[in-house]
Amino acid sequence: MALFLSENDVKQLLTVGMAMEAVESAHRDLALGQAQDTPRARTRLPQTALHILQGALPAQGVLGYKAYTSNRSGNRFLVHLFDAASGRLRAMIEADYLGMIRTGAASGVAAKWLARPEAKVAGVFGAGWQAEGHVRAICEALPLECVKVFARQADKLAVFCQRLSEQTGVRVVPAASAEEAVRDSDLLGTVTTAAQPLFDAVWLSPGTHINAAGSNALIRQELSEATLRRCGLIAVDTVATALAEAGDLLPLLEKGRLQPRQMVELGEVIIGRQPGRESAEQITVFESQGLAIQDLAVALRVLAAAEATGLGVEIPLQ
């Protein structure tokens with residue numbers, strides 16, 4: 001029978017390292033032609049929206065989808081995982097925590113492949129739910145010594161930094177300003193819902209890698225045109241998803257200053273088809289919109305861990 005896994009089950013089973021391995025495998029499979037991913041579809045009502053991401057990882061034996069609703073009362077996430085050979089439901093998994101860790105893991109994988117390996121200092125914009133996964137993943141990916149976090153609510157920021165310092169073993173500290181977060185950082189992460197650019201391009205140091213994780217709708221923009229023009233490499237989950245959702249890239253695309261063929265898919269770097277970073281001075285960026293196959297790969301590993309430990313509740317469906 002299929003298993004139902006609750007948020008609490010997922011929290012007991014899922015680690016950042018597990019999620020990063022899963023996300024990297026999904027991007028590798030996609031680049032090798034062993035996966036399919038369909039960009040997010042949305043159905044909107046005045047009070048509630050339904051979002052669906054679907055895809056398949058036949059090399060890993062699964063296909064499925066993540067569906068979630070967004071409402072003023074909150075967001076609700078479920079991953080449905082099916083066996084690729086039989087079509088049978090294997091699991092239904094509550095996926096708020098799973099999605100948070102998966103989103104962070106994508107930034108961790110991008111940092112692993114695109115940041116300078118000796119990176120020591122990171123700057124992060126945002127101290128919310130998604131920013132937690134982001135900080136945990138970049139600390140897993142790189143030998144960071146300090147993470148500077150900038151957010152508008154000082155009391156919330158202080159609590160966030162203390163908690164993440166304890167979780168990661170890395171010094172996570174509040175930044176007094178956006179400029180302080182950016183200056184002298186080897187790695188930057190933007191994990192906000194901003195509609196306007198968060199920082200001035202002149203603050204960037206040569207060799208910085210940027211993970212832009214918040215601009216997953218055309219009404220959002222975290223990076224300025226000037227910042228993107230300084231980037232020698234613009235990496236994306238997939239070109240199709242970036243064209244549909246990457247608010248950061250829309251101004252450049254509309255003006256013809258960026259062409260789709262100039263975007264590099266992360267999986268292409270992972271399998272060596274594209275070179276990735278080409279010098280220590282090059283500024284790089286990864287625009288993260290999120291893929292169904294990332295969720296499916298993580299869910300598959302959570303399911304395996306649940307089956308090994310006996311967690312979950314059987315669903316009476318064949």
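Mentor: Start with a definition: two strands pair if DSSP finds at least two bridges between them. Keep in mind that this is a predicted model.

Trainee: How many bridges join strand β7 and β10, and in which sense do they pair?

Mentor: Strands of a sheet pair through backbone hydrogen bonds, either parallel or antiparallel. Here β7 (residues 121–125) and β10 pair in the parallel sense, over four bridges. Look at V124: its bridge partner in β10 is G189.

Trainee: What is the order of the strands in the open sheet?

Mentor: Eight strands make up this open sheet, in the order β9-β8-β7-β10-β11-β14-β12-β13, and the pairing is parallel. At the edges are β9 (171–174) and β13 (264–265), each pairing on one side only.

Trainee: Which helix packs on the sheet and touches β12?

Mentor: Helix α3 (residues 96–114) does, and it also touches β10, β11 and β14. Its direction makes about 160 degrees with that of β11. Helix α4 (residues 129–141) lies across β7, β8, β9, β10 and β11, at about 165 degrees to β7.

Trainee: Now β11. Are its two faces covered or open?

Mentor: In a regular strand the side chains alternate between the two faces of the sheet. In β11 (residues 209–212), H209 and N211 lie on one side, with I210 and A212 on the other. All four are buried, so both faces are covered.

Terms used:
Residues numbered from 1 in each chain as written. Predicted model: local features only at pLDDT ≥ 70, side-chain atom pairs only at ≥ 80, totals over all residues. Heavy atoms only, no water. Buried < 20%, exposed > 50% of the residue type's maximum accessible area, 1.4 Å probe, protein only. Contact = heavy atoms within 4.5 Å. Axes fitted to C-alpha atoms, helices over the stretch in contact; angles between N-to-C directions.
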